[in-house]
Amino acid sequence: MRAIPTLKISISGVRGVVGDSLTPELVARFAQAFGTWLGGGLVVIGRDPRTSGEMVRQAVVAGLASSGCRVSDLGVVPTPTVQLLVRQLGAQGGIAITASHNPPEWNALKFVGGDGLFLSAARGRELLDIYHQGDYAKAKGADQRTPERVADAVERHVRAVVEGVGALPGGRRLRVVVDPGGGAASLAAPRLVEALGAEVSAIHATADGRFPRPAEPVSENLGALAEAVRAHRADVGFAQDMDGDRLAIVDEAGRPIGEELTLVLAADEVLRRTKGPVVANLATTDAVDAMAAHHGCPVFRTRVGEANVAEGMRLHRAAIGGEGNGGVIWPAVNFARDSLVGMGLVMHRLAAGRPVSALASEYDRFRVVKLQRHCPAEQGRVILARAREAWADRPVDLTDGVKVRLQDGWFILRASNTEPIVRVIAESTTEERARAIAEGVFGEVMRWV
């Protein structure tokens, strides 16, 4: 069987281009395999608003029902809402139907265990083994049930965040602009801001599957949000990706501060309340270490990926954790990357009186640049093997890809788990130096393929 370049099957789930590699037959088989792995029981599903979402949802329901599972359907909701409701409803597991930051033509399945966490590497391999063997549980028609619709999933999520972070203190109301990008958080984001007692304006908040800006909430995609923050004289702007698990911040002057600082500001608020370890992946800014050191708290590093960070947080009993892509995990509310949790924590930090620009300026010496190149998986393996040899004389960490410490910063080279690309992330004291490091690494490694 020929390999399909746009199909990505891994322990992280399955994703592909609808109408090319991601077919309803493939989706139904994966859902059957997941239902078989769970052994039946209740499964929570939810999706982002991609136009292919309804087709994928129906295939998922068919696969789960045929393997003997009952389904609770949340509709269009953020991925962390699915994870939260798995725990609240006592479900056996969940499936988030979303391709997250991938372009609109993509879609994907993300598998959630009964603990509300994405499957670990070991559990993911078990699921893949069942999928490839093709020996699925088959329920009789009399034992199959119509999916149950859960209409208040967003309200449950908003309520959990408000109860966790608390209402904002009295005094001047914060002005907030939200940009959910027409994604799954289009309803939840403005509702949360209102529920916390702030004044909210929203742009790109129609979840019709026609994403009005690129999916990733990186600085170059936040021009409209920056303009809206200035127009409304807002204190802060928040942007999310299409499934609502990542958060980026724009300061009061309409300047994106970089998604790396989302975790830093959110964790600063948590550690002001409760001291404890912080867990972040290897590709996350060293500003996390500086912030945690100010509170006298340790930082532990993991492989990239929410499942890996969550596993590390459990191991070290972390107060908070996350990733440099704008992912914030606060177990006190939701053991998942949750943009709504991040928003609530950052708003509380602002309510203490200092503006976003002042908070961010404390970390000016940490500048991160992220570059990527298209690269098939086979070439990615060649590049990483050569990189291990090329930088063997440097302080190097091979936990995930190749991370190299330099005198004035670091870089990490790794292949994506979700796309056919290779990324270089570099950090130094200035953006110019960080970019020079990243471009230099790419200049070297791309000669190897």
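In this predicted model, the side chains of Gln240 and Ser339 are joined by a polar contact of 2.9 Å. Gln240 belongs to strand 10, which covers residues 236-240. Is Gln240 buried or exposed? With a relative accessible area of 0%, Gln240 counts as buried, because the cut-off for that word is under 20%.

Four strands form an open sheet in the order 13-12-14-15, and their pairing is mixed. Strand 13 (299-302) and strand 15 (327-329) each have a single partner strand, so they stand at the edges and one side of each lacks a neighbour in the sheet. From one strand to the next, the twist averages 20°.

Look next at strand 12 (residues 278-281) and strand 14 (residues 320-323): they pair in the parallel sense, over 3 bridges. Here you can find Ala280 opposite Gly322 of strand 14.

| Helix | Strands | Angle |
|---|---|---|
| Helix 8 (residues 260-273) | touches strand 12, strand 14 and strand 15 | about 180° with strand 14 |
| Helix 9 (residues 287-294) | lies across strand 12 and strand 13 | about 155° to strand 13 |

How values were computed:
Residues are numbered from 1 along each chain as its sequence is written. This is a predicted model: local features need pLDDT of at least 70, side-chain atom pairs count only at pLDDT 80 or more; totals for chains, interfaces and linings use all residues. Side-chain values use heavy atoms; hydrogens and water are left out. Two strands pair if DSSP finds at least two bridges between them. Helices (H or I, at least four residues) and strands (E, at least two) are DSSP runs, numbered from the N terminus. Axes are lines fitted to C-alpha atoms, for helices over the stretch in contact, and angles run from 0 to 180 degrees between N-to-C directions. Contact means heavy atoms within 4.5 Å. Buried means under 20% relative accessible area, exposed over 50%, partly exposed in between (1.4 Å probe, protein chains only). A polar contact is a pair of N or O atoms within 3.5 Å; within protein, one must be able to donate a hydrogen and the other to accept it, and residues adjacent in sequence count only if both atoms are side-chain atoms.
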